[in-house]
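Here is a short briefing on one structure. Please look over the sequence and the model before reading on.

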Amino acid sequence: MKIGFIGLGIMGKPMSRNLLKAGYELVVFDRNISSINEIVSCGAKAGQSGADVAAQSDVVITMLPNSPHVKQAVMGENGILEGAKEGLILVDMSSIAPLASQEICKACAEKGVKMIDAPVSGGEPKAIDGSLSIMVGGDKEVFDQMYDMLMVMGGSVVHCGDIGAGNTTKLANQVIVALNIAAVSEAFMLSTKAGVDPEKVFHAIRGGLAGSTVMDAKVPMITAGNFTPGFKIDLHIKDLGNALETGHGVGAPLPLTSFVMEMMQNLHMDGYGQSDHSALVKYYEKLTGTEIRK
Ligand code: NAD
């Protein structure tokens with residue numbers, strides 16, 4: 001099975017490396033030529049465009065920022081659908097709006113291309129060690145065909161429903177992560193202002209009910225003042241925007257999400273859009289003039 005891989009960013013690079021290590025033949029493309037060269041040096045072949053990648057592949061994976069990027073890469077000029085042969089399978093692993101997945105899937109079907117949406121959770125560390133949580137929407141038969149390949153990149157691969165269900169599940173994930181980082185930031189500012197060492201608070205509570213994967217991953221970054229992404233504030237703003245739009249569409253109010261969205265917008269205006277989302281703590285640091293550091 002020949003795989004095309006489009007989108008070699010923070011996530012796409014380690015994911016494509018794992019596919020190469022597992023023995024898959026890969027042809028790769030990105031807007032950034034240096035990213036292509038990096039993965040070519042690991043054994044992949046360079047593609048010239050989405051159409052060129054599709055023409056050489058049985059399966060094409062996309063790992064791009066948001067809905068407009070995926071639409072352009074699939075349906076745009078020199079895009080995947082221009083080069084795809086009938087029967088090609090598109091596995092979009094980007095986090096995009098569920099309605100966009102449905103729209104792209106429809107355009108694919110008109111060209112005889114099958115599509116599943118398969119966004120991921122776990123960030124760069126889990127992309128590197130191949131243990132991402134992968135949530136999939138689309139035809140169950142196509143899911144079954146893609147399962148082994150997805151398990152090369154993931155520790156769990158779950159079929160959630162029809163096309164778009166993967167991205168709906170991912171939006172739920174992103175709401176929980178954003179609110180969790182906000183809660184951790186607020187609580188650690190409280191204990192810091194009250195004079196208790198944040199490292200002591202972390203070690204005291206991480207094993208109890210308040211403990212979480214978010215707390216384990218983000219508190220060490222916060223106390224070290226290390227906001228290297230990871231997952232960028234601007235990408236989380238994109239996800240919360242998609243969550244709010246989807247929530248409004250289906251009649252699910254998201255009051256806490258909209259509050260954290262405004263906190264992130266504020267940080268974006270302050271120049272932290274490219275920082276890790278753990279920089280949410282800076283919202284509280286600005287309010288109090290106090291840093292949470294070891
Ligand atoms: P990134 O910005 O690091 O990478 C995106 C890549 O896509 C870049 O290399 C860019 O050059 C390329 N690109 C953009 N438009 C293109 C086009 N039309 N054709 C070809 N290449 C194009 O982003 P990332 O962090 O790797 O995230 C990718 C997706 O995965 C996003 O939807 C994000 O929300 C999701 N995600 C990221 C993380 C994380 O921790 N970084 C975790 C889970 C999910």
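This is a predicted model.

- Gln-265 has a relative accessibility of 28%. It counts as partly exposed, because that value falls between the 20% and 50% cut-offs.
- Gln-265 and Ile-233 are 32 residues apart along the chain. Their C-alpha atoms are separated by 8.7 Å.
- His-277 sits in the loop that runs between helix 13 (255-269) and helix 14 (281-288).
- The relative accessible area of His-277 is 5%. That is under 20%, so His-277 is buried.
- Ile-233 is also among the residues that His-277 touches. Others in that list, which leaves out residues up to four places away in sequence, include Val-177, Ile-181, Lys-218 and Phe-231.
- His-236 is touched by His-277 as well. The two side chains make a polar contact at 2.9 Å.

**Ligand surroundings**
- There are 25 residues around the ligand. Ile-10, Met-11, Asp-30, Pro-65 and Lys-238 come nearest.
- Asp-30 places a polar side-chain atom 2.7 Å from an oxygen atom of the ligand.
- Gln-72 has a polar side-chain atom 3.4 Å from a ligand nitrogen atom.
- Gly-230 takes part through its backbone: a polar atom there is 3.4 Å from a nitrogen atom of the ligand.

**Helix 4 with helix 6**
- Helix 4 (residues 67-75) packs with helix 6 (residues 98-110) at about 5°, and their axes are 10 Å apart. The angle is under 35 degrees, so helix 4 is roughly parallel to helix 6.
- On the helix 4 side, the contact uses Ser-67, Val-70, Lys-71, Val-74 and Met-75. They meet Ala-100, Glu-103, Ile-104, Ala-107 and Cys-108 in helix 6.
- By class, this contact of helix 4 with helix 6 has seven nonpolar, one polar and two charged residues.

**Helix 10 with helix 11**
- The axes of helix 10 (residues 198-205) and helix 11 (residues 213-224) come within 11 Å and cross at roughly 170°. That angle is over 145 degrees, so helix 10 is roughly antiparallel to helix 11.
- Pro-198, Glu-199, Phe-202 and Ile-205 form the helix 10 side of the contact. Their partners in helix 11 are Met-215, Asp-216, Val-219, Pro-220 and Thr-223.
- The residues of the contact of helix 10 with helix 11 divide into six nonpolar, one polar and two charged.

Key. Residues are numbered from 1 along each chain as its sequence is written. This is a predicted model: local features need pLDDT of at least 70, side-chain atom pairs count only at pLDDT 80 or more; totals for chains, interfaces and linings use all residues. Side-chain values use heavy atoms; hydrogens and water are left out. Helices (H or I, at least four residues) and strands (E, at least two) are DSSP runs, numbered from the N terminus. Buried means under 20% relative accessible area, exposed over 50%, partly exposed in between (1.4 Å probe, protein chains only). A polar contact is a pair of N or O atoms within 3.5 Å; within protein, one must be able to donate a hydrogen and the other to accept it, and residues adjacent in sequence count only if both atoms are side-chain atoms. Contact means heavy atoms within 4.5 Å. Axes are lines fitted to C-alpha atoms, for helices over the stretch in contact, and angles run from 0 to 180 degrees between N-to-C directions. Angles under 35 degrees count as roughly parallel, over 145 as roughly antiparallel, 65 to 115 as roughly perpendicular and the rest as oblique. Ala, Val, Leu, Ile, Met, Phe, Trp, Tyr, Cys and Pro count as nonpolar, Asp, Glu, Lys and Arg as charged, and the others, Gly among them, as polar. A residue is near a molecule or strand if one of its heavy atoms lies within 4 Å of it.
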